[in-house]
Amino acid sequence: MAKFPRIIAHRGSPRAAPENTLASFRQAAGDGATWVEFDAALTADSRVVIFHDDELDRTSDGAGLMADATFEQVTALDAGSWFSPAFKGEMIPTLEEALELFASLGLGFNMELKTDRGREVELAQVALPIALDMWPGTNPTPLISSFSREALAAAKDIAPQWPRAHLFDRLPEDWRQAAAALDVVSLNANQKHLTREQVMELRGAGYAVMAYTVNDLARAEILFGWGVDAIFTDIAGEMLAASAKL
Ligand code: G3P
Ligand code: MG
């Protein structure tokens, strides 16, 4: 099975810099993270940018749906000022810009395909070829994840050699069939609903288990004690500093 680090910086280091920006990823690397997770989304004109929400409002000075905005509009937005004036001028990264940075920093990455309805396959079809083309083979092999099974199935077709993870909020009843069909290596769970029994069952079936988003050291210790393989955290630096205990 592919090797993953135990601590993955969720959207970079989003408490110190605006989430999912190059500043946030640089900060994560500076905090000692070896891997980052980011959200890949499609603009109206089918370009891939790094952004979490369906709507532009919370983390940029734009408004309305990402899916309705063109690449030109999205890449003109300020994605830093909402966080702090110190980050004014920080932009929503293109996938290419983010991948270039990861390559230069030697950062491993988990690309989460953040789909909007009806374009699940399209997102994988646009994002995966770019990532395949830009990934330096000397860096850790990326992990591709999604809540969308359609996107994961497309990722399996396009980049079968790259490991995949099935994201979920609560463990779906049909997880065994889905995990087998999508040939995932990991099941990535909302830590709030994850139980020790589930971790044992999933690991017993041969899958890795990763938990999001874990920002409490005591909770991280419990999850690792259950056998969780990796956590996504907004405080990678603190988690790494405590990692001897984890
Ligand atoms: O991939 C883990 C986590 O990022 C999934 O949830 O909403 O933070 O993208 P979200
Ligand atoms: Mg995410």
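A polar contact is a pair of N or O atoms within 3.5 Å. The views below show a predicted model.

**View 1. Polar contacts and surroundings of ligand 1.** A polar side-chain atom of Glu37 is 2.7 Å from an oxygen atom of ligand 1. The side chain of Lys114 places an N or O atom 2.7 Å from an oxygen atom of ligand 1, and for a polar side-chain atom of Arg11 the distance to a ligand oxygen is 2.8 Å. On its own, ligand 1 has 290 Å² of accessible area, of which the protein covers 92%. The residues around ligand 1 include His10, His52, Phe147, Leu167 and Tyr212. By class, this shell holds five charged, three nonpolar and two polar residues.

View 2. Glu37 counts as buried because its relative accessibility is 3%, under the 20% limit. Asp39 is also buried, at 0% relative accessibility. Glu37, Asp39 and Glu112 are also among the residues around ligand 1.

**View 3. A network of salt bridges.** Salt bridges link Arg11, Glu19, Asp39, Asp53, Arg58, Glu112 and Lys114 in a network. The salt bridges in the model number 11.

**View 4. The salt bridge between Arg164 and Asp183.** The side chains meet at 3.8 Å, N to O. Arg164 lies in strand S6 and Asp183 in the loop between helix H6 (175-182) and strand S7 (186-190), 19 residues apart. Arg164 is buried, with a relative accessible area of 2%, whereas Asp183 is partly exposed at 45%.

View 5. Glu201 and Arg176 form a salt bridge at 3.7 Å, N to O. Glu201 is in helix H7 (residues 196-204) and Arg176 in helix H6, so the pair ties together parts 25 residues apart in sequence. Glu201 is partly exposed at 37% relative accessible area, and Arg176 is partly exposed at 45%. Arg203 forms a salt bridge with Asp229, with the closest N and O atoms 2.9 Å apart. Arg203 is in helix H7, and Asp229 is in the loop between helix H8 (217-226) and strand S9 (230-233), 26 residues away. Both ends are partly exposed, Arg203 at 39% and Asp229 at 23%.

**View 6. Gln161 in its loop.** Gln161 lies between helix H5 (149-158) and strand S6 (164-168). The residue is exposed because its relative accessible area is 52%, over the 50% limit. The C-alpha atoms of Gln161 and Pro142 are 10.0 Å apart, with 19 residues separating the two along the chain.

Technical notes. Residues numbered from 1 in each chain as written. Chains lettered and ligands numbered in written order. Predicted model: local features only at pLDDT ≥ 70, side-chain atom pairs only at ≥ 80, totals over all residues. Heavy atoms only, no water. Buried < 20%, exposed > 50% of the residue type's maximum accessible area, 1.4 Å probe, protein only. Helix = DSSP H or I, 4+ residues; strand = E, 2+ residues; numbered from the N terminus. Near = heavy atom within 4 Å. Polar contact = N/O pair within 3.5 Å; in protein donor to acceptor, adjacent residues only side chain to side chain. Areas by Shrake-Rupley, 256 points an atom, 1.4 Å probe, with all protein chains shown as cover. Nonpolar A, V, L, I, M, F, W, Y, C, P; charged D, E, K, R; others polar. Salt bridge = Lys/Arg side-chain N within 4 Å of Asp/Glu carboxyl O.
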